[in-house]
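Open the model in your viewer and keep the selection tool at hand.

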Amino acid sequence: MKLSSGFWQTYKEHPNDATIASHQLMIRAGLIHKSQAGLYNFLPFGLRAVQKVEKIIREEMNKIGAMEVLMSFVTPGELWQESGRWDSMGGQMVRAKDRAGRDICLSPTNEEAITDIFRKTIKSYKQLPVSLYQINIKFRDEIRPRFGIMRAREFIMKDAYSFHENWESLDLVYADFYRAYSNIFDRMGLNFIVVEADAGAMGDGQNKTHEFQVLAKSGEDKVIVCEDCDYAANIEKAVTFRKPLDFDNSGKEIELVETPNMATIEEVSNFLKIKEHQSLKSLAYSGISEDKEEVFLVLLLGDDELNEIKLKNHVGHEHIKPLTENEMMREGLVKGQLGPYNLGKEMRVIFDAAIPLDGSFTTGANKADFHYMNFVPNRDLKGELEVTDLRLSRAGDICKIGDKEGEATLISGIEVGHIFQLGDKYTKALDAKVLDRNGKTIYPLMGCYGIGVTRIVAAAIEQHHDENGIIWPLAIAPFHIHFTSIAKSGEIKELCDEVYEEMNKEFEVLYDDRPKLGPGFKFKDADLLGLPIRVVLGERDYKADGLIEITVRKTGEKRKVSKEDLIPTLRDLLKELA
């Protein structure tokens, strides 16, 4: 492509709302154009990168026998009402009525739509398993769209769905998708890890689910890893253990102590001269399912944080939220002095598994300016205590997998792929049945497999850039070669055109032949766009030595070659970069 007749504009500065590298560089390099908060237009070079991503995905999906479909971006509201997600998706889903008064929505995901296709098409186990995928637009009305296309409201996604007679079949196809995803991200030149994850609103929380995380400092996701145990999990899913701690097991009598104007663990611990983990952190939450609401008290060691995903999965409610101060007053609870002893009313109390129930702790007294010391859960509370893992894992924890043990570390990642085993959640909800081999009706099991197509482009830039601009991995670069001509005479201009035509027969070449721009401007643009290889034919140098300069963007390696050696050298370099 010749830039003299192309559509491309670069910028020296980035907008104020662009806070991460990918957002800044995609704007400055002319890959995207913002139309509204969370809405972006892909410009020619950005679109070429997206299309490269899509091509690799299609190839790997087709290898495992998945067949491509294209579902409507607008889906009937009645399908979501059948599944029960019409209301539970909340404000993320843009809903409307058509002129006939029918409910419709912009698709945030397509479990309902694909299950509707399945139930109207497949009737027997003999037609299973089946795997279908699409690459299509999704819309989720994020409260705070940010980070450019990393967390946009509209985005391109590859979503796939599989249907199975039994778990054995689902496990086999799930493994196929796992391998295909690994191949996809390997081919794209991304440094990624696969981690155990929580299924969230997509699944039932009981079956296999894995995330594919591109490692990047700017990543919003936190991942717990342990090299000694070969363990990796999203922090929402991770199960780790505290290092050995010192606790008071003396069993002293419980004692009410005054703690004037102290409401935090830190303040109370400093005042009583104890360590924070020798206090209990009490959090009041409510759980909501349909028209049922339940209030419960959650107990953690004083220096631990609550993992809300673990709590939600344990209590089994569709939604959970911390109580406001007014809601606490309504329940007879005192903010800052919460505790499980002498609550004054029946309430579900849940202890984190890291708390030794025979140890003595300081805890709120449910009375302004007072705490209890020497509270022993097993001694001072009646009945069997409810205990589960609720804490948020953190760096320095102990990881134990089988007979292996190691120390956990915390890294940042960008989720680019997520695979789920959904079970029969959606086939039951939409009454999608088939006949099994015994002639009985069954609800097939489902798998769901997503890849953020546009997010991959941003994640690749987060991982591959420097102070001068993007450094594209070869597989998803908009072009492979950035050819810059520095020519004034008609003779050298003709030579540059000739060299371009030769390269363009074999390679993907962007030809900067813009006549009114100087070398400095062209070189800055080349670094900013970051194509894998830059070729420069400069009039002065060529006339002096007859050589053409080649620069590898990633390493900065330079070499000069004759016109005759240019094509063979480029072949070799591109093989090395592949």
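**Stop 1: a hairpin**

Select glycine 364, which stands opposite histidine 371 in S19. The model is predicted, with local features needing pLDDT of at least 70 and side-chain atom pairs counting only at pLDDT 80 or more, while totals for chains, interfaces and linings use all residues. Residues are numbered from 1 along each chain as its sequence is written, and side-chain values use heavy atoms, with hydrogens and water left out.

Strands (E, at least two residues) and helices (H or I, at least four) are DSSP runs, numbered from the N terminus; two strands pair if DSSP finds at least two bridges between them. The hairpin has 5 residues between its strands, and there asparagine 366 takes a positive phi near 55 degrees.

**Stop 2: the five-stranded sheet**

Next, show the open sheet of 5 strands, ordered S16-S14-S15-S17-S20 with mixed pairing. At its edges are strand S16 (319-322) and strand S20 (386-388), each pairing on one side only. Neighbouring strands are turned by 35 degrees against each other on average, direction ignored. Axes are lines fitted to C-alpha atoms, for helices over the stretch in contact, and angles run from 0 to 180 degrees between N-to-C directions.

Within this sheet, pick strand S14 (residues 280-289) and strand S15 (residues 292-301), an antiparallel pair with 10 bridges. Leucine 280 has leucine 301 in S15 as its bridge partner. Contact here means heavy atoms within 4.5 Å.

**Stop 3: the three-stranded sheet**

Move to the open sheet of 3 strands, in the order S4-S6-S5 with antiparallel pairing. Strand S4 (74-76) and strand S5 (95-97) are at the edges with a single partner strand each, so one side of each has no neighbour in the sheet. The twist averages 35 degrees from one strand to the next. S4 is joined to strand S6 (residues 103-106) by 3 bridges, and valine 74 stands opposite leucine 106 in S6.

**Stop 4: two helix pairs**

Select helix H2 (residues 44-63) and H6, whose axes come within 9 Å and cross at roughly 150 degrees. The contact involves residues including Ile56, Ile57 and Met61 of H2 and Phe177, Ala180 and Ile184 of H6. Its residues divide into 7 nonpolar, 1 polar and 4 charged. Ala, Val, Leu, Ile, Met, Phe, Trp, Tyr, Cys and Pro count as nonpolar, Asp, Glu, Lys and Arg as charged, and the others, Gly among them, as polar.

For the second pair, take helix H1 (residues 21-28) and helix H12 (residues 453-463), with axes that come within 8 Å and cross at roughly 105 degrees. By class, their contact has 6 nonpolar, 2 polar and 1 charged residues.

**Stop 5: glutamate 165**

Finish at glutamate 165, in the loop between strand S8 (154-164) and helix H6 (167-187). Which residues does glutamate 165 touch, not counting those up to four places away in sequence? They are Tyr125, Leu128, Asp436, Arg437 and Ile442. The side chains of glutamate 165 and arginine 437 are joined by a polar contact of 2.9 Å. A polar contact is a pair of N or O atoms within 3.5 Å; within protein, one must be able to donate a hydrogen and the other to accept it, and residues adjacent in sequence count only if both atoms are side-chain atoms.
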